[in-house]
Amino acid sequence: MRIAKNSVVSFHYTLNDGEGKLLDTSAGRDAFAYIHGGGMIVPGLEEEMEGKGKGDSLQVQVAPEKGYGVVDPQLVQRVPLDRFGDQQVEEGMQFQTPDHRVWSVMEVKDGEVFLNGNHPLAGVTLHFSVEITDVREATADELSHGHVHGPGGHHH
Ligand code: ZN
């Protein structure tokens with residue numbers, strides 16, 4: 001069958017940036033599994049998966065706009081260190097604000113904390129190498145839970 005809305009798709013992938021640096025890979029793990037059409041993978045990759053089938057290999061280049069977004073300068077901020085009260089703050093730490101945004105501490109210097117709330121892959125053109133290992137219909141349970149059950153998905 002061909003990939004369409006509510007297909008469960010399993011695939012292996014390698015993700016590189018434009019310079020060929022490896023960002024992520026499913027090698028050595030279960031194939032990644034998702035429900036097609038639900039926005040569970042980046043939009044630029046999901047569009048290219050449409051209509052493909054088991055055994056297909058594809059090379060997909062995804063611009064930041066259809067990947068993890070462009071860098072938002074508003075999300076690069078300096079905050080006075082005393083705003084954190086007694087909490088220990090160091091470079092490399094991450095924390096989440098009530099709006100679910102994850103912030104990374106880039107640097108702590110001169111009583112200020114430099115924060116970046118952009119996704120680590122914001123602004124990056126993504127180069128995916130994909131091999132589709134399985135395509136099937138989602139079960140009613142999977143659709144109601146909003147995730148895949150079994151290999152590459154949830155076990156419960
Ligand atoms: Zn479930």
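This is a predicted model: local features need pLDDT of at least 70, side-chain atom pairs count only at pLDDT 80 or more; totals for chains, interfaces and linings use all residues.
Residues are numbered from 1 along each chain as its sequence is written, and side-chain values use heavy atoms, with hydrogens and water left out.

The protein chain contains two helices and nine strands, where helices (H or I, at least four residues) and strands (E, at least two) are DSSP runs numbered from the N terminus. Their order along the sequence is β-β-β-α-β-β-β-β-β-β-α. The C-alpha trace spans about 60 × 40 × 30 Å along its principal axes, and the radius of gyration, taken over C-alpha atoms, is 19 Å, whereas a compact globule of 156 residues would have a value near 15 Å by the rule of 2.2 Å times the number of residues to the power 0.38.

Of the 156 residues, 33% are buried, that is, under 20% relative accessible area with a 1.4 Å probe and protein chains only. Among contacts (heavy atoms within 4.5 Å) between residues at least 6 apart in sequence, 62% join residues at least 24 apart.

Strand E4, residues 57–62, has a covered face formed by Leu58, Val60 and Val62, and an uncovered face formed by Ser57, Gln59 and Gln61. In a regular strand the side chains alternate between the two faces of the sheet. E4 pairs with strand E9, residues 126–137, in the antiparallel sense over six bridges, pairing being assigned if DSSP finds at least two bridges between two strands; within E9, Ser129 stands opposite Gln59.

How values were computed:
Buried means under 20% relative accessible area, exposed over 50%, partly exposed in between (1.4 Å probe, protein chains only).
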